[in-house]
Each structure stands twice: as C-alpha cells, then as structure tokens.
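Biologist: I would like to learn how to read a few features of a structure. Could we take them one at a time?

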Amino acid sequence: MTIRRPNRFLTATLSGALVVGALAGCSTAAATPTDAASPVTLSDVATSVDDALADNEDYTALAALADKSWDTASETTVALDGDGATVSGDGATADGSTVTISAPGTYRISGTLDDGQVIVSSEADGLVRLVLDGADITSSTGSAIAVTQADDVSVVLADGSSNSLTDASTYADTSEDAPNAALFSSDSMVISGTGALNVTGRSNDGIASKDGLVIASGDITVTAVDDGVRGKDFLVVAGGTIDVDATGDGLKADNEDGTNDDGETVGYAALLGGEITVASGDDGVHAESDLLVDGATVTVSESVEGLEAAHILVTSGTVDVISSDDGFNAAGTTSTADTAETAETTTEGEPPASGTMPEGGPPQGGGGMPGEAAGDFSLVITGGDVTVDAGGDGLDSNGTLTISGGDVTVFGPTNGGNGTLDSAGAITVDGGTLLAVGTSSMLQTPGDGSEGWVAATFDTLSAGTELTVVDSSGTAVAEVTLTKDTQSVVLASADVTSGEEYTIQADGSEIATATAGETPEGTEMAPRP
C-alpha cells in the first residue's frame, strides 16, 4: 500500500526497554461481556507505559535472567547423536533417546536427536539454563523440550548457532496438564541469545509456558498448527526477531483468571521491542487482559482479528495489520449461551446490548452497534506509526477509543455491516493524526473536545484511486492511495480547523465538500457522547 501525508506530526515516544512493573493499569479483572461490564471513562484509561505497567504481575525478575552470566567451565554438556546422547557433568542423565535434567545448573546441548526428548524435572530451587548450541531435536511422542518442573528456566541460543525443535503430530500423553508444545515449560521461561531457533508445532503450539514467558532476544521462527507463541500469565517480547506462522493465534497470553493470588493482573502481553511478524488463522496477537505495544515493530500479514485484548495501548513503534475481521479489537469474550439468550430477548428491530443482532439483522461489528452500552474496554494510541487494512471494523472498541499521538491510517471495510471506526463509547482524537477511509455505513466521527476533524461520504471509489483532502487555500492536508473500494473519509489532525470547508478530490478531481466538525448528512451513526 502507498500512503503519503504532506505533513508529518511529532509523535510521543516512550522507551521500549525493559520497564519496571507489569502491564495492566487499565483493569484488574478478567475481560467480561460488554453487557455485564462497568463503563470505562477516559480518566480510567492508561495512556503511558508507567501507568499501563503498574498493576500487572511483574516480569522483570524473569527478564533479568537473560543477562545473568555463568561460568562456562561448570557447564554440563549434552551431546546428541541420532538415537542417543552422551552426558558429561552433573545433573543430567541419558536413557536411550531421552535426556532428563534433574537439578539446577547450566546445560549445553548440541547435536541431533532423530526421535527423542529433553525433559527437565528439577525439584530444587535454582535456575535451569539450557544453552542450545546447534541442537536439532525431533520427537514422535511429545515435546522436543519439555520442562515439567523447575524453579525458573532460561533458554539461551548460543552465538552463531542454528537450532531446531519439532514435536510429535500426536502426543502419547494428552492429559490436561501434559506438555502440549514443541518447546514447553510448566514454569516461567525466558528465551535469549543471538543464535537462531526454528520451532515446529505439529500437534498444538510452537512455544508455550503455563506461567510467564519472556523473549529477550534471538532469531526465532515458529510454525504451529495451533498457537505460535503462548504465555499464560504474561507474554513479554523485549527484543529479537520473531516470525510466526500459526493456524490459531500468533502470539497469545491466555490466563482468564483476571488476577493472581497477589491481586496482580495476569493474561497480558507486552511487546516492548524487537521485530515481530505474524501470519495467523485467528488473532495475530491476543491478550485476555491488556496488550501494550511500545517500541516494537509488529507486522500482522494475515489474521482474522489483528490485535485483540480488553485494553490495547500503543505508545511507540510500528504496527501494520491486515485482517479479515477487525484490525484492532478492544473487547472481551461473550459466551455462546450469553449471546443466544440475548438474541432471544431482543425486540424486533432493536439491537441488544451485546451488539449481536437476531437472524436477518445486520452482522455484528464487534463493538459499536447502535444502542450498545460502553463497557470496561479501551483502545488508546499515544504514539507510533499504525496502519490497519481490515475486512471488518478497522479500529473497534467496546468501550472508548482515544488517539493522542502518532500517525494512524485505517483502510476499513467495504461491506455495510462494519465500520472503519467503531466505538461503543467516545471517540477522542486530541493529538497525532488519524486518516480513516472505508465504507460509509455505520460512519462514526470524533466527538466533542477532539482536535480538528473533517468527514465526507461520496460515491464508491475503486482501489488505486488517489484520495486527497484539500483546505480552502488549495493546500493538501492529507492524501492516500486507496487499497480497496471506498465511500468515506475521516481525517483528524492539527491541520484541520473546525468550521472551515474542505474539498475531497479523487485523482485530482473534486468529488465532495465538507465542513470540518460536521457529520455528513444521511450517515447511520453520529458521534457518540
């Protein structure tokens, strides 16, 4: 896609380094259905990294293990050799093609295991460090590496090494708590180093932790038949290059409990650095509670929904999303039973609070049907460069939608059941720039108190058309090359003055005029209060 803006705006940026604290700040409970949640107000919403990383389970102690040095002379070496292995040192044993590590320590693993496993079962307190130094492990019965018990686990990709982990297509043990990923840990795990790791999840996930997961560095490629990279309590990416191709979610934090025993929020994802590329059959990045992007480069090339969480905050970095449904979706999970019950009690022609219409009504847009109550959800962009190309709603929030910095471009849907901007609560743009193009159906515009904005509808323009917004002096304030059929434009920026008239041009020819601050006549949805 080609996007050209005559004026670039200063974006608020925040450090993408490891930050003290943990992610939420917006919520301290698990996401709940929109019709059951309390409304969120702008004063409740985190707009900075410090606020967003205030109430969540702390990941920093785990992340610090990536920088912890060790004495290489004290390493235990594990040499893999086809159908067996040789162990030199303490804490590990080899039984045929199964290597078992039973004590804290550092284990350097190299060679090839054609059909076997490395199992970590360490009851003692202390770190188990696995240094993968040219390790190639394939299993026909379960995980390639399975950490069933440990205090903490650090996986280090040795400098210059290339490593590969492939699990079984069918696991011998399929019980609820059994390992279910090519690289699996039942405890907290951090991955670091400058080497490369190729992970193939043939049965379920690629990389998974049933506690917290931090990726500090490394060149990591994951292919999985379900989720690519999954942490339960949290998933934090602080650096490295991660390329995920997953049938399920690409990256995921899936603890639905809301808080842990200490009252800290869990189920959050924080992308604080690195380059992340995702092609997924479901969500590109999914978090049950909060999702933060600060300094990372995130490219979702294929997804159903690009980024999804109860609270989404982008403070810096680059996010480029292509989705068949919503690009960004700030929402919670509504059960099938809840949806069915709501549909049954809906009066004919009246949309229910959840936004789900009865059979024959418009399709659900996800967070902005007329009459839907705003819940405890938020989508906030304070900086960075964000581009969304969505088949469903472009930016969708079941609560509030706020932009206060950065450059945001949205190529919205072409069908009438979705909106380019879709918020159950207020849409506020008080900084940065927002350029949104898409269908004229369900058109929403920024509300009172926002910076200058202009909106217009017009006859359908085809992909490849250059759309330009021109002020009364003839100066172009925004221009974009369309990627799909388009019937509307919404532009909010410091270059737009309320009350002034603007002209919309297609390939240089005038197609519409609009007065800044006025919603186009005949559109289905006016600004929300």
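This is a predicted model: local features need pLDDT of at least 70, side-chain atom pairs count only at pLDDT 80 or more; totals for chains, interfaces and linings use all residues.

Biologist: Is Lys 252 buried or exposed?

Modeller: The general idea is a cut-off: a residue under 20% relative accessible area is called buried. Lys 252 has 17% relative accessibility, so it counts as buried.

Biologist: What does the side chain of Lys 252 have a polar contact with?

Modeller: With the side chain of Asp 249, at 3.2 Å.

Biologist: And which residues does Lys 252 touch, leaving aside those up to four places away in sequence?

Modeller: Lys 252 touches Asp 227, Val 229, Arg 230, Gly 231, Leu 235 and His 286.

Biologist: How many residues of each class are in the lining of the second largest pocket?

Modeller: There are eight charged, six polar and three nonpolar residues.

Biologist: Next, aromatic pairs. What describes one?

Modeller: The distance of the ring centres and the angle of the planes describe a pair of aromatic rings. The count here comes to one aromatic pair. It is made by Phe 234 and Tyr 268, whose ring centres are 5.6 Å apart.

Biologist: Why is the pair of Phe 234 and Tyr 268 called stacked?

Modeller: Planes under 30 degrees apart count as stacked. The planes of Phe 234 and Tyr 268 are at 25°, so this pair is stacked.

Biologist: Where in the chain are the two partners?

Modeller: Phe 234 belongs to strand β19 (residues 234-237) and Tyr 268 to strand β22 (residues 268-271). They are 34 residues apart, and the pair links distant parts of the chain. By relative accessibility, Phe 234 is buried at 2%, and Tyr 268 is buried at 0%.

Biologist: Now loops. Where is Leu 443 found?

Modeller: Leu 443 is in the loop between β34 (427-438) and β35 (453-461). With a relative accessible area of 4%, Leu 443 is buried. Sequence distance and spatial distance can be read side by side here: Leu 443 and Gly 419 are 24 residues apart in sequence, and their C-alpha atoms are 6.1 Å apart in space.

Biologist: What about other residues of that loop?

Modeller: Met 442 lies in the loop between β34 and β35, and it is buried at 5% relative accessible area. Gln 444 is in the loop between β34 and β35 too, and it is buried with a value of 2%. A polar atom of the Gln 444 side chain lies 2.9 Å from the backbone nitrogen of Ser 423.

Biologist: What is the phi of Met 442?

Modeller: It is near 55°, a positive value in a residue other than glycine. Asp 507 is another non-glycine residue with a positive phi, near 50°. Asp 507 is in the loop between β39 (501-506) and β40 (509-515).

Biologist: Is Asp 507 buried or exposed?

Modeller: Over 50% counts as exposed. Asp 507 has a relative accessible area of 54%, so it is exposed, whereas Met 442 is buried.

Key: Residues are numbered from 1 along each chain as its sequence is written. Side-chain values use heavy atoms; hydrogens and water are left out. Buried means under 20% relative accessible area, exposed over 50%, partly exposed in between (1.4 Å probe, protein chains only). A polar contact is a pair of N or O atoms within 3.5 Å; within protein, one must be able to donate a hydrogen and the other to accept it, and residues adjacent in sequence count only if both atoms are side-chain atoms. Contact means heavy atoms within 4.5 Å. Ala, Val, Leu, Ile, Met, Phe, Trp, Tyr, Cys and Pro count as nonpolar, Asp, Glu, Lys and Arg as charged, and the others, Gly among them, as polar. Rings of Phe, Tyr and Trp (its six-membered ring) pair if their centres lie within 6.5 Å; planes under 30 degrees apart count as stacked, over 60 as edge-to-face and the rest as tilted. Helices (H or I, at least four residues) and strands (E, at least two) are DSSP runs, numbered from the N terminus.
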